[in-house]
Amino acid sequence: MRAFIAFVIMAALLAAVWHIQSPTVALGMLNLCLISAVMALGVNIQWGYAGLFNVGIMGFAALGGVAAVLVSKAPVAEAWSAGGSQIGLTALCFLGTITATTFAHRKTKGRRGHFLIVMLVAVIGYIATRHFYGPAVDAIESVDPGKTGYLGGLGLPIMVSWIVGGLFAAGAAWLVGQIALGLRADYLAIATLGISEIIVAVLKNEDWLTRGVKNVTGLPRPVPYEVDLQQSAWFREKVEAFAAEKLTSLSGAAREEALAGLITEYSGLFVKLCYAGLFAIVLIVILTLCVLALNSPWGRMIRAIRDNEIAAEAMGKDVKGRHLQIFVLGSAVVGIAGAMLATLDGQFTPGTYQPLRFTFLIWVMVVVGGSGNNLGAVIGGFFIWFLWVEAEPAGTWLINLLTSGMAETNWLRLHLIDNAQHMRVFVMGLVLLLVMRFTPGGILPERVKAR
Amino acid sequence: MTEWLNPLVLMANFVLVPGLVYGAQLALGALGITLVFGILRFSNFAHGDTMAFGTMITILMTWLLQSWGVSLGPLPTALLALPIGIFLTILFLLATDRLVYRHYRDVRAKPITFLMASIGIMFMMNGLIRFIIGPGEQIFLDGDRFLMKAREFKKLTGLDEGLGIRTSQVLTVVVAVVLVILLFWFLQRTKTGKAMRAYSDNETLARLSGIDPERVVKITWIIAAGLAAIAGVLYGLDKSFKPFTYFQLLLPMFAAAIVGGLGKPIGAIVGGFIIAFSEVMLTYAYKKVGRYLLPEEWQPDGLLQLLSTDYKFAISFVILVVVLLVRPTGIFKGKVV
């Protein structure tokens with residue numbers, strides 16, 4: 001019941017935006033709400049189900065974004081012929097180094113000279129890798145650097161990348177989990193913080209792979225383009241039928257003009273609705289899976305581990321194995337959301353991955369929504385994104401009101417109005433602290449069946 | 001003789017001095033983290049923003065003093081403004097403790113709850129800082145920039161390579177040494193310091209012996225705030241002030257604290273220098289050193305840079321991971337995992 005009320009209120013808020021601001025704003029917000037909800041679901045799997053504290057959400061979301069590029073962009077043939085073979089050799093050397101180092105570590109463990117041998121293998125591998133890496137990068141990045149300068153992708157439909165993004169994030173999570181799980185919860189937090197910074201640094205600097213801060217724009221879309229819609233007869237008919245009331249009173253050139261305006265307006269809305277439909281499908285699928293998983297014996301086991309690790313271990317549950325599983329699953333969901341976000345933006349911009357927006361904001365969503373409750377994570381994603389977007393105009397309005405007594409050119413007033421947008425970060429912290437203190441369960445607290 | 005002195009001076013100029021200075025800054029930051037961890041038993045994610053907060057106040061005061069025409073001659077004016085920065089940071093942290101953390105201590109919450117609360121505080125501080133001073137870069141160093149210019153050094157010694165030493169660098173090292181001596185004297189010799197160590201070692205026993213936990217916590221926050229503000233100002237004088245950079249310092253500082261052993265002040269200092277020197281040494285391009293040391297035909301084409309500076313976070317991270325795998329308690333046997 002509470003969930004129903006919460007969703008009705010959320011729908012009312014979006015409807016208010018639709019009427020007061022504009023339908024475009026409302027639909028744009030809805031799309032990002034849906035993506036945020038998917039991301040929050042991923043974090044909820046880790047934190048809500050199992051109590052794993054992941055502060056590297058930004059990194060996993062960025063991996064999803066890069067998947068969108070690597071899957072959907074057309075391959076750059078010249079770059080492949082210029083440096084493809086060398087980059088292949090680099091990859092071989094890199095993997096070979098890791099294998100050889102691990103092998104040396106296992107073989108010589110506990111013997112004298114263990115450290116020296118492992119270091120020697122690693123250094124030789126490093127030199128070999130660098131030998132191929134340098135020329136390969138130079139060759140690839142010099143291929144028409146203004147437009148490409150990278151290897152491009154596979155040229156597949158971009159929706160494939162939603163799955164690939166999930167796989168990328170899952171792989172990275174598996175690696176981190178091997179190291180950091182099973183230690184103190186704080187250590188997992190710091191390790192994930194580090195890995196996310198490194199992932200973003202790699203994406204920013206490895207131009208041959210992602211174009212770095214030069215960004216990849218014009219990612220193909222899973223939905224039609226506005227321009228194509230505006231020219232299609234089918235869409236024109238639909239608009240005529242849909243807006244018949246508005247058009248009946250007009251005729252001739254005036255009618256044509258009004259129709260053209262409507263077509264332009266509706267084509268934008270239609271595209272946004274298509275995205276919203278796709279994202280909603282993904283959200284519903286993942287949400288259903290989450291609900292089923294949480295109510296299954298597996299879900300009960302995970303919660304039992306969360307509530308008392310020692311007791312669960314004594315009952316023969318594989319705590320570390322389950323934690324790794326949960327960590328990989330949750331990160332995969334975040335990766336899917338990351339790929340969806342890049343799809344919606346139509347571009348991949350490594351510079352925009354900021355921890356406040358991509359890590360800590362998602363955390364606020366989960367805590368405010370209600371950790372451990374899947375619907376809670378969804379409503380948290382919706383509500384906090386709404387607040388995050390609307391806090392900006394609200395803050396500006398408030399500052400304007402408060403300073404209305406000052407002169408137009410008062411430096412303090414100008415400064416405050418300029419910086420009003422930053423107050424939303426403050427508001428988020430405040431919301432987090434207030435919810436943690438006064439309603440620790442969040443909007444929709446976790447349901448515990450007493451049977 | 002000179003063929004050996006030249007590369008040595010070169011290394012001193014680009015590796016030793018920057019490493020020492022950066023290490024001192026990290027050590028001061030990590031000390032704050034490790035003290036809070038030892039007494040309050042949680043990782044304080046707001047520490048980077050605490051540093052930024054103290055620095056921001058100091059910068060604002062510096063601007064005020066400069067507008068009054070006050071200066072310290074060769075030393076940066078920021079030193080005069082620093083006490084106010086420290087004072088306000090202490091007030092801020094004590095307020096957050098009173099309003100946020102104390103409640104969770106009373107209900108005996110898990111460490112992870114404290115950590116999340118610290119994220120909330122990090123958000124609020126970050127918002128305030130961006131609101132007041134903006135997210136951009138600020139440079140507030142004045143006075144004499146150099147104590148010794150590279151050119152003067154060359155003239156003095158007749159070498160080809162120069163060694164430049166900036167005022168802010170000397171200031172950092174001197175202040176750090178003085179602070180560390182004061183801190184250890186406080187922890188080892190005074191009654192309050194002993195109470196803090198006792199509380200950190202065994203909370204129950206300390207309470208039974210009549211140590212007032214609230215007082216210990218308060219003093220911890222005061223010291224942490226002071227260290228954070230000073231570390232932040234020194235870092236800002238040496239490089240520049242940018243709120244986001246201060247947030248990013250969290251990773252090397254945590255790495256330093258963990259490498260040394262969480263909760264161990266001496267560990268934080270050693271850890272700070274380990275992280276700083278690894279970062280500087282692995283990201284320095286050794287091409288010029290190679291030119292002095294290697295024979296003509298061995299000269300490499302590349303920069304001889306092991307890792308691009310963009311990846312300096314990876315170094316802290318790798319060191320952190322190795323320590324977590326090999327010796328999770330850190331070098332000086334910090335708190336149990």
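Chain A comes out as 19 helices and 0 strands, with helices (H or I, at least four residues) and strands (E, at least two) taken as DSSP runs numbered from the N terminus. This is a predicted model, so local features need pLDDT of at least 70 and side-chain atom pairs count only at pLDDT 80 or more, while totals for chains, interfaces and linings use all residues. Residues are numbered from 1 along each chain as its sequence is written, and chains are lettered from A and ligands numbered from 1 in the order in which they are written.

On overall dimensions, the C-alpha trace of chain A spans about 90 × 65 × 55 Å along its principal axes. Of its 451 residues, 43% count as buried; here buried means 20 or more other C-beta atoms within 10 Å of the residue's own, exposed means 12 or fewer, and partly exposed is in between, with C-beta atoms placed from the backbone. Contacts (C-beta atoms, placed from the backbone, within 7 Å) with a separation of 6 or more in chain A are 82% between residues 24 or more positions apart.

Chain B has 14 helices and 2 strands. Its radius of gyration, taken over C-alpha atoms, is 21 Å, close to the 20 Å that the globule rule gives for 337 residues, so chain B is as compact as a globular protein of that length. The rule in question is 2.2 Å times the number of residues to the power 0.38. The C-alpha atoms of chain B fill a box of roughly 70 × 55 × 35 Å along the principal axes, and 45% of the 337 residues count as buried. For contacts in chain B between residues at least 6 apart in sequence, 75% join residues at least 24 apart.

Where the two chains meet, the contact takes 35 residues from chain A and 36 residues from chain B. On the chain A side, the elements giving two or more residues are helices H6 (160-180), H7 (185-205), H16 (355-369) and H19 (423-438). H7(A) supplies the largest share, 13 residues. Sorted by class, this side of chain A has 25 nonpolar, 6 polar and 4 charged residues, where Ala, Val, Leu, Ile, Met, Phe, Trp, Tyr, Cys and Pro count as nonpolar, Asp, Glu, Lys and Arg as charged, and the others, Gly among them, as polar.

Two helix pairs in chain A are described next. Helix H12 (residues 252-295) and helix H15 (residues 319-345) of chain A pack at an angle of about 175°, with their axes 12 Å apart. Axes are lines fitted to C-alpha atoms, for helices over the stretch in contact, and angles run from 0 to 180 degrees between N-to-C directions. H12(A) and H15(A) are therefore roughly antiparallel to each other; angles over 145 degrees count that way, under 35 as roughly parallel, 65 to 115 as roughly perpendicular and the rest as oblique. From H12(A), A:Tyr275, A:Phe279, A:Val282 and A:Ile286 meet A:Val333, A:Ile336, A:Met340 and A:Leu344 in H15(A). That contact has 8 nonpolar, no polar and no charged residues.

The second pair is helix H4 (residues 77-108) and helix H5 (residues 114-141) of chain A, whose axes come within 8 Å and cross at roughly 175°. That makes H4(A) roughly antiparallel to H5(A). By class, their contact has 20 nonpolar, 11 polar and no charged residues.

Leaving out residues up to four places away in sequence, A:Met340 touches A:Ile35, A:Val38, A:Trp162, A:Phe279 and A:Val282.

Finally, some loop residues. Most residues other than glycine have a negative phi. In the loop between H8 (207-210) and H9 (226-231) of chain A sits A:Arg211, with a positive phi near 65°. A:Arg211 counts as buried, having 25 C-beta neighbours inside 10 Å. A:Asn215 lies in the loop between H8 and H9 of chain A and has a phi near 65°, also positive, but A:Asn215 is partly exposed, with 14 other C-beta atoms within 10 Å. A:Arg184, in the loop between H6 and H7 of chain A, is buried with 20 other C-beta atoms within 10 Å.
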